[in-house]
Amino acid sequence: MSTGALILVLSSLLIIGGGLVLFLWAFFNGQFDNIQRGSMLPFDEEEPAGKRTDQIFKEEEKEEKEDEIEEDNERDSTER
Amino acid sequence: MNSGSSKPSQFSVSELDQKARYVVLFLVLSGVFWLLFGTLLALVASLKMHLPDWLGTAGWLTFGRVRPLHLNTMVYGWASLTGAGVALWLLSRLLKVPIMLRGYIIVAGMVWNIALLIGSIQILAGHSRGIEWLEFPVSTMVLIVLCVIIMSASVLMMLVMRKVKQLYVSVWYLIAAFLWFPLLGLVSSLPIFDTPTVQAGMNWWYAHNALGLWFTPVGLAAAYYFIPKVLGRPIYSYGLSLLGFWGLALFYNWNGFHHLIGGPVPTWFVTISISASVMMVIPVVVVAVNHHMTVVGSFRAVINSPTLRFVVFAAMSYTFVSLQGAMQALRSANEVIHFTHFVVAHAHIGMYAFVTMMLFGACYYIIPRITMREWHSKGLIKWHFWLTAIGIFIYTVALQGIGVFQGFAMINPDVPFTDTVTMTIPYLVARSVSGLLMTAGHLIFAWLVFRMTWRPDEQPATPLVWNKIREEFAS
């Protein structure tokens, strides 16, 4: 096998190996202890879950969907 | 960097956005410039496919130079620069720290742009490296990789200084991308791949991984952030999202050699790649199920959000292109479609319908928040969406439709080779038409971004829409 091919295989193994090291770090760091809590990370007090953002085309339409948001929130709270 | 802050413990979302302002804007604007340049090259190359004599007298305008430069400017100019901007903004928000090394990143961005300019001139002058996805001279490539390494350093610093303990799935994707891409870029620049077969192996190991380990993670990280964020609804299953990430990390890296099916490379290389390509079905389906279950029932909110229109379109394209890729990697399917327009369209679903549409969606969310301005025209955003969406749809249907027939004609010894070329011409014209639609969309996008940044005084005077929504919910 030529040097080039060897380097390719080694680099591929490095990528996989790096992934495994990251995974082990994550495991022992407690990243997987409470998995479902991770889904709340994009939200905070300023922009909490349950509040839609970026609905800039909405004004053109009638205010018909207010109750739909509430329905969604109910669905989310029952799932959790 | 944050030593002057009076509240070192926590940054608000708007504080983080303001600190990200110049870095992200600079990267996105650079990207938009290269998008326009790359679009022009794409149109020229597409027209040349059915008007072969057009612009054929000047060497630097021939297909063999314009088409590779189109690929390189789109990949390293538009998608990489804008993608890096989006990635840094996402990390800043999800790790709750400002982007680190902001000054260095802006300098790196300037060097990156200069490298792209020099590389472009070199390709047009005929000094291409002759390796698909790596046509830029090694000097340009090394400069780009060094710029990414500066960003990687910033990312690692943000990771260490983060204010949250748990890492969101987007963060996983982005950290991995910023570690993987420098390795890919540096290895592919080593002067050791001197025999043709080894060079071909390196070529597709690099090219497929650049898509899968650099652009795909950035795109999926954006999807995992924007879908829950805009809908205000957490991702359906966080466990599934992690499974998707680790599946990608494990399987994607081996995929590249499926480009060399039938080539003079060791068969076990190719067989491993085919197996890994089929294994990719697992993370892809996992991501698709997760996104679908999050979006389902909120279709109206998707329509109402410029960001989600693009992001959901892109996420669906990701599922489609990845499942298609797994099928294409099978030897029996590859025998037909290899060397046809089918594969060209496949690559465009990946880089355009998935990556580019995702970046458009991300820009529609990010730029108003870092500039504190609202978009100039809602109507133009809708035009942008429909022009690009219909454009890439026509492109895909035309080229993949004829690609299959072309493939069967090419493996049929009774069909003269000329016939396999002439049969595609109407579909190549359709491709140019779809290219015009996408070009119009890009011009609209560039105009909107231009208005946002250069003429802020003429923006709509209405209160910022999301502030209004925020107040509504606060009351």
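Guide: We begin with helix H1(A), whose buried residues are Gly4(A), Ala5(A), Leu8(A), Ser11(A), Ile15(A) and Gly19(A). This is a predicted model, in which local features need pLDDT of at least 70 and side-chain atom pairs count only at pLDDT 80 or more, while totals for chains, interfaces and linings use all residues. Residues are numbered from 1 along each chain as its sequence is written, and chains are lettered from A and ligands numbered from 1 in the order in which they are written.

Visitor: Why is H1(A) called a helix, and how does its reach compare with the expected value?

Guide: Helices are DSSP runs of H or I with at least four residues, and strands are runs of E with at least two, numbered from the N terminus. H1(A) has 26 residues. The expected span is 1.5 Å times one less than the number of residues, and H1(A) reaches 37 Å from its first C-alpha to its last, close to the expected 38 Å. Chain A has 2 helices and 0 strands.

Visitor: How many residues of chain A are in contact with chain B?

Guide: Two residues are in contact if their C-beta atoms, placed from the backbone, lie within 7 Å. By this test, 40 residues of chain A are in contact with 52 residues of chain B. H1(A) gives the most to that side of chain A, with 13 residues. The side divides into 14 nonpolar, 14 polar and 12 charged residues; Ala, Val, Leu, Ile, Met, Phe, Trp, Tyr, Cys and Pro count as nonpolar, Asp, Glu, Lys and Arg as charged, and the others, Gly among them, as polar.

Visitor: Why are H5(B) and H6(B) called roughly antiparallel?

Guide: Axes are lines fitted to C-alpha atoms, for helices over the stretch in contact, and angles run from 0 to 180 degrees between N-to-C directions. Angles under 35 degrees count as roughly parallel, over 145 as roughly antiparallel, 65 to 115 as roughly perpendicular and the rest as oblique. The axes of H5(B) and H6(B) cross at roughly 160 degrees and come within 9 Å; the two helices are therefore roughly antiparallel. Their contact has 19 nonpolar, 3 polar and no charged residues.

Visitor: How do you know which term applies to H14(B) and H16(B)?

Guide: H14(B) and H16(B) pack at about 160 degrees, with axes 8 Å apart, and are therefore roughly antiparallel as well. Their contact divides into 20 nonpolar, 6 polar and 1 charged.

Visitor: Why is Phe339(B) called partly exposed?

Guide: Phe339(B) has 13 other C-beta atoms within 10 Å, and therefore counts as partly exposed. Its phi is also positive, near 70 degrees.

Methods. A residue is buried if 20 or more other C-beta atoms lie within 10 Å of its own, exposed if 12 or fewer, and partly exposed in between; C-beta atoms are placed from the backbone.
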